[in-house]
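Please look over the structure shown below. A short report comes after it.

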Amino acid sequence: MRKIALGLLLLVLLAACGQAPKPLSPELQELLALINQVRQNGTTCKQGGDHFMSSVDPLTNDVLLNRAAQWHAEDMNAAGVLSHNTPVGAVHFAPGTTPGERILDVGYLAAAIAEDIAEGYATPQDVLDGWLASTAGHCEALMRPDFVHAGLGKSGDYWVLDLAAPQ
């Protein structure tokens, strides 16, 4: 009950500030569903030596993480730069801001975080395939059992997935 009350209070405060959370676009909802299918089935992370990652619980969408992810996607799009640190030319976060700082800045208190970013992919499936075939870190982040929340964002050709475990 306490978590529900705090969540409702936060939504009321955000709405009062004119910053009510937007629902995920159908495209980002599809990406989350695809990620959760991989988490349910398990997958082989290919980079750095093939190793199978067992199935884990699905990720739950989080409005605060969505804000961090969406704003970072918009910042990268405004600057035309793919980077985990906020680039010069950003419109939401100060240049050099790290994923952990952005997540904290939007009010999410995390015990652990990871961020997967991508540029130039046409579909949610293409983005997911890119992350799974990329560095082992991207694939392993998607499969970490301690990550229970996800935030997603897209602006132009830039995609962001923020993963977190709450404190």
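The text that follows covers a disulfide, a helix and its ends, and contacts of aromatic rings.

This is a predicted model, in which local features need pLDDT of at least 70, side-chain atom pairs count only at pLDDT 80 or more, and totals for chains, interfaces and linings use all residues. Residues are numbered from 1 along each chain as its sequence is written, and side-chain values use heavy atoms, with hydrogens and water left out.

The structure holds one disulfide, a term for a pair of cysteine sulfur atoms within 2.5 Å. C45 and C139 form this link, which is left-handed. C45 lies in strand 1 and C139 in helix 6, so the pair ties together parts that are 94 residues apart in sequence. Helices (H or I, at least four residues) and strands (E, at least two) are DSSP runs, numbered from the N terminus. Both C45 and C139 are buried, meaning under 20% relative accessible area with a 1.4 Å probe and protein chains only.

Helix 3 covers residues 63–79. Its buried residues include L64, R67, H72 and D75. D62 caps the N-terminal end of helix 3 through a side-chain oxygen. After helix 3 comes G80, with a positive phi.

K154 lies over the face of W159; a charge sits over a ring if NZ of Lys or CZ of Arg is within 6 Å of the ring centre and within 35 degrees of the ring normal.

| Atoms or points | Distance |
|---|---|
| Sulfur atoms of C45 and C139 | 2.0 Å |
| D62 side-chain oxygen and L64 backbone nitrogen | 2.9 Å |
| K154 and the ring centre of W159 | 5.0 Å |

Methods. Expected span 1.5 Å × (residues − 1). Buried < 20%, exposed > 50% of the residue type's maximum accessible area, 1.4 Å probe, protein only. Polar contact = N/O pair within 3.5 Å; in protein donor to acceptor, adjacent residues only side chain to side chain.
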